[in-house]
Amino acid sequence: MAAAASPITVSSRLTPLPKSTNPNVQHVVLGDILFKTWYPSYYPEELIGRDVNRLYVCQWCFKYCRDLVPFLAHRKLCCERTEPPPGQLIYTKDDYAVYEVDGEEHQLFCQNLSLFAKLFLDNKSVFFDVAAFNYYLLVHNAPNGPSLSPEPQIIGFFSKEKMSWDNNNLACILVFPPWQRKGLGKIMMGISYELSRLGGHIGGPEKPLSELGRIGYLKFWQARIANSILGLKVKTTLSVEDIAEACWMLAEDVVSTLKEMDVLGTRKKNDRTLVISKARVREWVNLNKVDLRPPVDDEGFVEDYSVEEAE
């Protein structure tokens, strides 16, 4: 007997940048939320066809189907529905949690997650060879969000290479469209830099960044740098190296951010090191009404968690 159709919420959040190519999937239903896609993904043509108006994706395991009846049947039987997300819980704060998933141990889940994410990412292509990455799932635990389901909902993720010669702390990041414009990307960015700190090395996101990624990171870096500078009690002027070490950021990211903030002074030390005045940063923060509260609470990390365990 066919299952009764559950209600579907239509989401219209966030208009993407102009598409470079037409999507092969026009709309996606994630659980009970319907929204438009932005870019083509690598879903097998022999399974979904060449041009799909609506693709149904399980909100728990990200398996997909182009027909409603088998999708509803899967939702009733999905083994992930009554279990926590795969992987290890590493962080929890308020209504949000972060799980670390080894791409080698959970290959099918990570492949399906990557296929879904590609519908909203223009410049990422890793979807099959997931074994070299860890995936960090952002999970919303409260039942009063866009989803009509009371179960915890994965609302975004970022991936990170297990071994990066460039010390990249993030390869790909996405907040799913229905949950965008809520400042949730800052949580995942903050987690990625905390992983760098826990691992004892300065890092940054994989370059080049997409246009949306660049905008998001710039806001995150600006608040992070300003908070660090204004939190220091002794020095009135700081070098780029001082800021990079305090924020666990690459010097090049510090310089580009300070230039965007337009707070770099023209005076230089004898060793030609760029310097910046705390007074100018404070003025910039007040003018732009920047929230300096860190998006990640150090105490939110699970006790005894370490980066070495995953790597």
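**View 1. Contacts across the whole protein chain.** Residues 24 or more positions apart make up 64% of the protein chain's contacts (heavy atoms within 4.5 Å) with a separation of 6 or more. This is a predicted model: local features need pLDDT of at least 70, side-chain atom pairs count only at pLDDT 80 or more, and totals for chains, interfaces and linings use all residues. Numbering starts from 1 along each chain as its sequence is written, and side-chain values use heavy atoms, with hydrogens and water left out. The protein chain holds nine helices and 15 strands, taken as DSSP runs (helices H or I, at least four residues; strands E, at least two) and numbered from the N terminus.

**View 2. Helix α4, residues 185-199.** Its 15 residues should span 21 Å at 1.5 Å a residue, and the end C-alpha atoms are 21 Å apart, which agrees. The expected span is 1.5 Å times one less than the number of residues.

**View 3. Burial of α4.** Buried means under 20% relative accessible area (1.4 Å probe, protein chains only). In α4, 11 of the 15 residues are buried, so the rest of the structure largely encloses this helix. Among them are Ile187, Met188, Tyr193 and Leu195.

**View 4. α4 against α5, residues 211-231.** The two axes, lines fitted to C-alpha atoms over the stretch in contact, come within 10 Å and cross at roughly 60 degrees. α4 contributes Lys186, Met189, Gly190, Ser192 and Tyr193 to the contact; α5 contributes Gly216, Tyr217, Phe220, Trp221 and Arg224.

Definitions and conventions
Buried means under 20% relative accessible area, exposed over 50%, partly exposed in between (1.4 Å probe, protein chains only). Axes are lines fitted to C-alpha atoms, for helices over the stretch in contact, and angles run from 0 to 180 degrees between N-to-C directions.
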